[in-house]
Amino acid sequence: MYFSDKLSSFMKQRNVRIVDLAKLVDIKRPNVYKIVKGTRTLADKSYVKQFADALQLTKEETNELYIAYDIDRVGSYVYFRRRRVEDILKLSIYWDVNNTFFIEKEALSFDIHNYQYYHGEHTINSILSQILAIEAKNHDPQIKIYCQPNNKYMMNTIQFLGNLNPNLNITHIFGLDNSISTIENEYYNLDYLLNLCPIIVSSLNYTPYYYRTSIPFTNHNSFFSNIIITTEYVLLLTNDYQDAMLYNDCYAI
């Protein structure tokens with residue numbers, strides 16, 4: 001159990017025995033033993049403060065103990081799911097549309113003939129921001145995105161350009177996990193919604209579409225599985241955003 005593990009850890013750090021701890025809290029010694037061993041839960045949240053005071057925990061450590069108590073009370077899945085929903089609601093309430101991402105002012109650094117391969121996150125982010133900035137300057141700018149909203153640099157760049165040019169039309173297709181959880185992240189869908197929130201609340205010309213699948217996205221084997229299309233370029237990206245192919249061939253587009 002989370003609380004007993006956290007409590008035991010703090011006791012070990014301070015070299016405090018169960019018998020010593022029982023003398024400092026308003027709980028019978030046999031019950032303190034069961035709480036520390038994880039076979040009994042606290043009857044009331046107020047006892048958390050008693051343990052924190054008895055062990056002379058810091059403010060941060062006390063907060064960790066309260067969190068552990070809440071996790072045991074409702075379960076880890078429900079607790080962390082609620083926390084993510086709270087983050088989304090806070091972001092939608094307090095988001096400042098002027099709190100936008102800044103793209104470095106740099107000269108266009110690519111000159112390609114039909115297609116070009118790129119490697120490395122910094123290089124690809126530079127190319128990505130440039131082709132999106134070029135599109136945003138067009139008379140009728142269109143950006144089509146087929147990728148998961150887990151690349152914060154890309155999402156921030158889109159939001160920044162959308163705020164600069166209200167006529168920028170952004171279409172985004174992404175997938176949501178159809179199962180209850182995934183192996184690596186059981187809160188997959190809520191995390192993605194959190195990443196999308198700044199764009200949604202900024203009232204941009206942004207149209208998202210989603211589809212549901214039971215195949216974990218982290219297991220997708222397609223090499224260039226992410227696609228970004230503008231009127232002049234097509235950018236194909238791997239799942240880890242470390243490799244990319246850039247096309248300016250009109251037939252590819």
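**Reading a predicted protein chain: a tutorial dialogue**

Author: Of the 253 residues in the protein chain, 42% count as buried.

Reader: How many helices and strands does the protein chain have?

Author: The protein chain contains nine helices and seven strands. Its accessible surface is about 14,800 Å², and carbon and sulfur atoms hold 51% of that area.

Reader: What share of the contacts with a separation of 6 or more comes from residues 24 or more positions apart?

Author: Such residues account for 67% of those contacts in the protein chain.

Reader: What average pLDDT does the protein chain have, and where is the pLDDT below 50?

Author: The general idea comes first. Where pLDDT is low, the predicted coordinates should not be read in detail. In this case the protein chain averages a pLDDT of 80, and 78% of the residues score at least 70. Over residues 97-108 the pLDDT is below 50. That stretch has 21 contacts in the model beyond near neighbours in sequence.

Reader: Which residues are in contact with I228, leaving aside its neighbours within four places in sequence?

Author: The contacts of I228 are L128, L132, I143, K144, I145, M154, Y233, V234, L235 and L237.

Reader: Is A54 buried or exposed, and which residues does A54 touch?

Author: A54 lies in helix α4. A54 counts as buried because its relative accessibility is 18%, under the cut-off of 20%. Not counting residues up to four places away in sequence, A54 touches L21, L24 and V25. The C-alpha atoms of A54 and V16 are 9.8 Å apart, although the two residues stand 38 residues apart in sequence.

Reader: Which residues make the nonpolar surface patch?

Author: Y146, I173 and Y209 make a nonpolar surface patch of about 290 Å². I173 lies in strand β3 and, because its relative accessibility is 34%, counts as partly exposed.

Reader: How many salt bridges does the structure hold, and which distant parts of the chain does the K6 and E64 pair link?

Author: The structure holds six salt bridges. In one of them, the side chains of K6 and E64 meet at 3.2 Å, N to O. This pair links distant parts of the chain, for K6 is in helix α1 (residues 2-14) and E64 is in helix α5 (residues 59-74), 58 residues apart. K6 counts as partly exposed at 27% relative accessibility, as does E64 at 34%.

Reader: Why is R17 exposed, and with which residue does R17 form a salt bridge?

Author: R17 is exposed because its relative accessible area is 53%, over the cut-off of 50%. R17 forms a salt bridge with D20, with the closest N and O atoms 3.0 Å apart. D20 counts as partly exposed, at 26% relative accessibility.

Reader: Where do K45 and D70 lie, and which residues join them in one network?

Author: The side chains of K45 and D70 meet in a salt bridge of 3.3 Å, N to O. K45 is in the loop between α3 (29-37) and α4 (46-54), D70 is in helix α5, and the two are 25 residues apart. K45 is partly exposed, with a relative accessible area of 35%, whereas D70 is buried, at 14%. Salt bridges that share partners join K45, D70 and R73 into one network.

Conventions:
Residues are numbered from 1 along each chain as its sequence is written. Side-chain values use heavy atoms; hydrogens and water are left out. Contact means heavy atoms within 4.5 Å. pLDDT is the predictor's confidence in each residue, from 0 to 100. Patches are made of residues with over 30% relative accessible area and no salt bridge: like charges are joined within 9 Å, nonpolar side chains (Val, Leu, Ile, Met, Phe, Trp, Tyr) within 5 Å. Accessible areas come from the Shrake-Rupley method with a 1.4 Å probe; for residues, only the protein chains shown count as cover. A salt bridge is a side-chain nitrogen of Lys or Arg within 4 Å of a carboxyl oxygen of Asp or Glu. Helices (H or I, at least four residues) and strands (E, at least two) are DSSP runs, numbered from the N terminus. Buried means under 20% relative accessible area, exposed over 50%, partly exposed in between (1.4 Å probe, protein chains only).
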